[in-house]
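Colleague: I am new to this structure. Could you take me through some of its details?

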Amino acid sequence: MAVFAKDIARELGLSQAAVSLALRGRPGVSEATRAMILEKASELGYVIEDRASPSKRGMIQLVIYKRHGKVFSDTPFFEQLTEGVAEKAAELGYHLSISYFYGTQNHQEQMRSLHSLKSDGIILLATEMHATDMKLFSKVGVPLVVLDNFFPTEPFDLVGIDNRYGVMDAVRYLIGCGHTRLGYLHSSVDIRNFLRRQDGYNMGCRFLPEPMAKDAMRRVVRVGVTPEAAAADMRAYLSTDPILPTAFFADNDSIAAGCCRAIKEYGLRIPWDVSVIGFDDSSLCQMMDPPLTTMGVHKERMGALAVVRLHEQMQHKIPESVRILFRPRIVIRGTVLDLNAPITEEELQNLS
C-alpha cells in the first residue's frame, strides 16, 4: 500500500505542511523534527525522492503576510490552507518555500529578501492585509496569486471565501429555524474577511420583518479572536444582564467556542436557551459540547486551487485575472435549536 505525507503526519501528530517540507529537504522545520519525520517515513516504507536533484518545475513561495498576527495565532484554519498549498505544490513537482512578511518591519529589506530567493511564482496569504499593502507586491516580477482576501481594484488572481453570502446563508438558516431575535459575536480585530462577514450578517437580517431586522443589526457584541479573549468579553457582556437573543452568529469557530464557554458558565444551556453558529468548520467544532454548528469551508482545496492557478500562470502567461470564491456550506451539529421542529422526549428532559 502506498504511503503518503498525510499518513506520516497522522502517525506523528504533525501538520502535512511540516512533513512535506521535511521530505522535500526544504527549510521551515527544525533538524530534530526533520530527523523524526525521515525516520518515521523510512519505518512506514515511504519512498523519499532524491533531494539533491533539482525540482522539475522550479520553486514557488508561500508568503504569509502578518500585520499583527492576532488572527493567525489561534486558529487551525491557516494550517489547513498551508497543507493544501504544500500538497498540491509537491504533486505538481514544485519546491515550496514558506516565508513571512511583517507589516511592522522594514518593507524594503523584506522585499529584497523575497527577491533573493528567485522563485518562479508567489502565493500571498493575505488575510491580514489592507488594500494599501498590496502596492508592495505590485511589481514582484513573477506570477502572483492572492489567497484568502479580496482586493477588487488589484489585477491579481484571487482564491478566497464568499464571506458575505456564506454568512447570509448562516443567518437565513437561523431564521428558518424560527429565530427572530438574533445577535452577532463580532471580532474586535478588523480584517477584511470579518468586515465582509458583518455585511453578510446585515444582509441576512434583512430577511426578518421590521423592526426585528434593525434590532438584530444593532445587537452586536465585540469580542476577542482567541477563545480565552472571547470568553472574557462575553462574561463582561453577560454581567450587564442583557436581554439575550435566542441565537448568535459568531465570526469564527474560535470566537464561538469561547463565547459558548462563557454562556454555559452563566448558567444557560446551549442550544436550549441560546443557539450559536460559527464559521470555518475547524477542529474545535467536534471538541465542543454540544458540537458546534458552523459554516464549512474547503480550506485544503482553497490552498490547492491557488497553486493550480499559479501553475497555469507560470506555464502559459495568462493575461486575464480570475477571482474564485468558495461559498461555505452549512454543517449542522448540536448548537442550534430548531424552534419549528416537534419537541422530542429527550429535549423535554433537557428543558426540565
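Colleague: Which helix holds Lys-88?
Modeller: This is a predicted model, so what follows is computed from it. Lys-88 falls within the run of residues 77-91. That run is helix H4.

Colleague: Is Lys-88 buried or exposed?
Modeller: Beyond four places in sequence, Lys-88 touches Ala-304, Val-307 and Val-308. Its relative accessibility is 16%. The cut-off for buried is under 20%. So Lys-88 counts as buried.

Colleague: How many bridges join E1 to E2?
Modeller: E1 covers residues 58-66 and runs parallel to E2. One of the bridge pairs is Gln-61 with Ser-97 in E2. The bridges between E1 and E2 number nine.

Colleague: Where is Leu-136, and how exposed is it?
Modeller: Leu-136 sits in the loop between strand E3 (121-125) and strand E4 (144-147). Its relative accessible area is 25%. Buried would need under 20%, and exposed over 50%. Leu-136 is therefore partly exposed.

Colleague: How far apart in space are Leu-136 and His-107?
Modeller: In sequence, 29 residues separate Leu-136 and His-107. Yet Leu-136 is in contact with His-107, as well as with Phe-101 and Met-111. From C-alpha to C-alpha, Leu-136 and His-107 are 7.9 Å apart.

Colleague: Are helices H6 and H7 parallel or oblique?
Modeller: The axes of H6 (residues 163-176) and H7 (residues 192-205) come within 7 Å. They cross at roughly 40°. That makes H6 oblique to H7.

Colleague: How do the residues of the contact of H6 with H7 divide?
Modeller: On the H6 side, the residues include Tyr-165, Met-168 and Val-171. On the H7 side, they include Arg-197, Asp-199 and Tyr-201. The division is eight nonpolar, four polar and four charged.

Colleague: Which bond joins Ile-270 and Pro-271, and what is its omega?
Modeller: Most peptide bonds are trans. Pro-271 lies in the loop between helix H10 (253-265) and strand E9 (275-277). The bond from Ile-270 to Pro-271 is a cis peptide bond, with omega about 5°.

Colleague: What is omega for the peptide bond from Asp-289 to Pro-290?
Modeller: Pro-290 is in the loop between helix H11 (284-287) and strand E10 (294-296). The bond from Asp-289 is cis. Omega is near -5°.

Colleague: What is phi at Lys-118?
Modeller: Most residues other than glycine have a negative phi. Lys-118, in the loop between H5 and E3, is not a glycine, but its phi is positive. The value is about 50°.

Colleague: Is Lys-317 buried or exposed?
Modeller: Lys-317 also has a positive phi, about 50°. Its loop lies between helix H12 (299-316) and E11. With a relative accessible area of 71%, Lys-317 is exposed.

Note on methods
Residues are numbered from 1 along each chain as its sequence is written. This is a predicted model: local features need pLDDT of at least 70, side-chain atom pairs count only at pLDDT 80 or more; totals for chains, interfaces and linings use all residues. Side-chain values use heavy atoms; hydrogens and water are left out. Axes are lines fitted to C-alpha atoms, for helices over the stretch in contact, and angles run from 0 to 180 degrees between N-to-C directions. Helices (H or I, at least four residues) and strands (E, at least two) are DSSP runs, numbered from the N terminus. Angles under 35 degrees count as roughly parallel, over 145 as roughly antiparallel, 65 to 115 as roughly perpendicular and the rest as oblique. Contact means heavy atoms within 4.5 Å. Ala, Val, Leu, Ile, Met, Phe, Trp, Tyr, Cys and Pro count as nonpolar, Asp, Glu, Lys and Arg as charged, and the others, Gly among them, as polar. Buried means under 20% relative accessible area, exposed over 50%, partly exposed in between (1.4 Å probe, protein chains only). Two strands pair if DSSP finds at least two bridges between them.
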